2 protein chains.
Amino acid sequence: MSEVYLKRRARLRERGVTNGPEAALVCGPANVRYLTGHGGAGAVLLLGPGERDSLVVPATASDQPSTTPEGPHLVRVPAGPERPADTALAAVELAVRQGAGRLAVEEHHLTVSRYRELGRVAEGLQLADLGAVVESQRLTKGPEEIAALRIASEITDQALGELLESILVGRTERHLALELERRLVDHGADGPAFPTSVATGVHSGVPGHRPTDRRVEEGDFLSVRLGAEYQGYRCQIGRTFVIGSAPEDWQVELYDLVFAAQRAAREALAPGAPYQSVDRAARQLLEGAGLGDRLAEATGHGVGLEIGEDPRLAPGGVGKLDACVPVTVEPGVHLPGRGGVRIDDTLVVRPEADGGPELLTITTKELLAL
Amino acid sequence: MSEVYLKRRARLRERGVTNGPEAALVCGPANVRYLTGHGGAGAVLLLGPGERDSLVVPATASDQPSTTPEGPHLVRVPAGPERPADTALAAVELAVRQGAGRLAVEEHHLTVSRYRELGRVAEGLQLADLGAVVESQRLTKGPEEIAALRIASEITDQALGELLESILVGRTERHLALELERRLVDHGADGPAFPTSVATGVHSGVPGHRPTDRRVEEGDFLSVRLGAEYQGYRCQIGRTFVIGSAPEDWQVELYDLVFAAQRAAREALAPGAPYQSVDRAARQLLEGAGLGDRLAEATGHGVGLEIGEDPRLAPGGVGKLDACVPVTVEPGVHLPGRGGVRIDDTLVVRPEADGGPELLTITTKELLAL
C-alpha cells in the first residue's frame, strides 16, 4: 500500500513543485494523509531537495506512523519548553539544513501568524505559495480510493436501511441522529463523515439542519443526511420520507419536483461536462416551479478524504468533470413553516461507455411512507 | 441576555481595539460567539468606526441570528455567482464604506490566502493585527459562563455514572464511546465537547486515544475521557477504572501515583499561581517515580467555548492564574505494552477565601474495580 503514496508523491514532484533548489511543505491534514497514508494530528510533509521526503510528526502523538522502505523519512519532533511540538517549524528548519533555496507552502492552510513565524526561522529561504496543487491532484480518484468510497457508501446504506425498519414516531431528531451514527460504526465505519442531520416536520429540507429535541410526528416530512468515513474516505447520502400512511398532495408534488431535479443533475454527470451544467440541470427545473429563491448555493460537491472537496457544482463553478471524480448531487427545497425535501447521492463520474455515472448510495429514492 | 454581549463588546472597545479611525474584524468562530451570542457557521463581527457593530452572516445559513435592540447591526450576505457567501470580504467592504482607515484582523484565524484576498478589496484601508485580544478577554469567565460549565459538568458526570452501572466486559471501545456520547445528549448536552476517548488494556492511558474495536477484558485498565457541550461551553472529565474483582499491584501503584500527582496539581490552583507551578506540582511527583519521559506536554489547559483554550499549564506556560478561570488538571502515564492511567478534572480557580478551587466534575476518583 505504501507504494501508492510513493507514486502520489512522485506525481506531485513531476508537476514541478520542487524544481531545482525548491522544497515544498504540505500542511493540510487531508493532503498529508493523501501523500503519506498518515492521518495523525500535527503531521506535515516536507518534499525536500534531492527527492528527500520527510514526514514530520509530534514525538508524543498516540498514533505514530509506521515506517517502510518506500515511506518518507520519519522525523519526530519533541515538544519545546514553551509550546507543543511544532512540526511545521521543524520542517522549515530541516529544509534550511537540506540547502533548499525556495520553500513553497500552502498559503491556504497556514494562518498569517503561522506564516510569519515560519518566515522568521526560514533564514536564507524564500517562501512561495504552493497553492492547491495537492487538492487538484486529489480531484480524480484512484481505484483504491473509489474502493474505499464504495465501502463507505455500503455502510451508510446499511445504517439508513436499519433505521427505516424501526419505529420513528415520537423519537427526537437528536436520538435518531445518534442512532444512525452508532449504526455507521456498527457496520465498520471509522466514524461519521460529518455531523448527521435529522430534520422533521417544519425543519425538514433545511440544509445542514442540526438535530433538535423535536419529535417525529404523523404527517411529517423526515429528511436525513448521513455518511460513513471509511479508511479516511467520506460519502454522503440524503433522503426524505413521509411519516404516516399517506402523504399530502403538496408533499407528493414537492417530492416529485426535487426528485426530478436530482435525477436531471445525475444524468448531467459525464466526463467533460462543465460543473455549471450539472447545477443548471437541477436548478432550472426548480426555478421553473417558482422555487428559485429557495435553493442552496450549490447542487453538489466532490467527496474524498474531505466531505466538501472540489469540484463545486454551482452556478459559478469553473471547470469540467473528469472520469473517476466522485461527487454528491443534492438539490433540496425548504418551504418555511411547512418543511421540505432533500435528496443526496454520492456518485462517481464515468464515461457513457462504462455505463455512465456509478451510483454509490443505492438506498431507494421512492417516496417511502414510514 | 443580549446585554451580556453588548458589555463584552464595550469591554473590548475599552481595550482600545478601535481607537480613532480603526475598525476590527473578528473571525474566530468562538470569538464571534463570545461577543454576539451567535455561533452560526461563517459569521464574522465588524467593530466599525463610531461604535457601529455589525454581525455579518451568510444569507442562506439555516440558523439565522435573532436581532435585538442591544444586538449588533445584522448584515446578510448572499452567495456570489462564483463562490459561497463571503462574510469576511463583505465586512471589509463595509469597513471601507464606513470610512475606517485601519482595520485590525485576527491574523491567527485568517489563512495567508484569505488575508491576501481581503487585502485586495481593502482599498485605502491599512490592515493590522488584532492579535489574540478576544481570546485574552475570554480567559476569565463571567458568572453566566461558569453556570453553563457547571451544567455541562453535571451532564458529563451523569453520563459517566450511568456507564459505570452497566456491564462493560466484552464491549468495544467504539461502542462505549458512542454510548457515552448518546448519554450526554440524553441528559441535555448540545453534543460531545470533543471526540470521546475510551481506551482499554494496553491502550489505557494513551493521551487522545481514538476508540478501536478492542473489547474490554478482565484485568484491564479502562480509561475514558469525555465532556459535554452546553450552550457552547465545554468541560472535560477523565477517569481510569480497573475491570474485574481485584487490581494487580502495579495497577494500584500506578493509579496512586497519578492520583497523587493530579491532587498536587489541583491543590496548586490559586489566583496568582504561575501556570508552570501547577504543571510542576504534578510533573515532579511523576518524574520522581522515574516516569518523566512518559508524560504529556501539558498537565492541563483552559476550557470554555473551546476545549483547548488558554491558559496552558505546561513547563513553559507563561502567566499566572486568575480567579474565575476554568481549567483542566489531567496528568497521565502510559506504559507501552501494559497500559496506563489518566485522571482529568475541570475546575474553576477560586481564592482561598472562597474555599479554593471549585471542582466541577465530581465523579469519584477512587480506583473503582468494575
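## Exercises on a predicted model

Chain A holds 9 helices and 19 strands; helices (H or I, at least four residues) and strands (E, at least two) are DSSP runs numbered from the N terminus. This is a predicted model, in which local features need pLDDT of at least 70, side-chain atom pairs count only at pLDDT 80 or more, and totals for chains, interfaces and linings use all residues. Residues are numbered from 1 along each chain as its sequence is written, while chains are lettered from A and ligands numbered from 1 in the order in which they are written.

**Exercise 1.** Find out what radius of gyration chain A has, and what a compact globule with 370 residues would have.

*Solution.* Start with the rule: 2.2 Å times the number of residues to the power 0.38, with the radius taken over C-alpha atoms. Next, look at the extent: the C-alpha trace spans about 70 × 40 × 35 Å along the principal axes of chain A. Finally, 49% of the 370 residues in chain A are buried. A residue is buried if 20 or more other C-beta atoms lie within 10 Å of its own, exposed if 12 or fewer, and partly exposed in between, with C-beta atoms placed from the backbone.

**Exercise 2.** Describe how strand β14 of chain A is paired and covered.

*Solution.* First, locate β14(A) at residues 309-313; 4 of its 5 residues are buried. Then find its partner: β13(A), residues 300-302, runs antiparallel to β14(A) and is joined to it by 3 bridges. (Two strands pair if DSSP finds at least two bridges between them.) One of the bridge partners is A:Glu309, which faces A:Gly302. Last, check the peptide bonds: the one joining A:Asp310 and A:Pro311 is cis, with omega about 0 degrees, and A:Pro311 sits in β14(A). Most peptide bonds are trans.

**Exercise 3.** Decide whether B:Glu51 and B:Cys324 are buried, partly exposed or exposed.

*Solution.* Take B:Glu51, in the loop between β2 (44-47) and β3 (53-58) of chain B. Its phi is positive, near 60 degrees. Because B:Glu51 has 10 C-beta neighbours inside 10 Å, it counts as exposed. Now take B:Cys324, in the loop between β14 and β15 (326-329) of chain B. B:Cys324 also has a positive phi, about 70 degrees. B:Cys324 has 19 C-beta neighbours inside 10 Å, so it counts as partly exposed.
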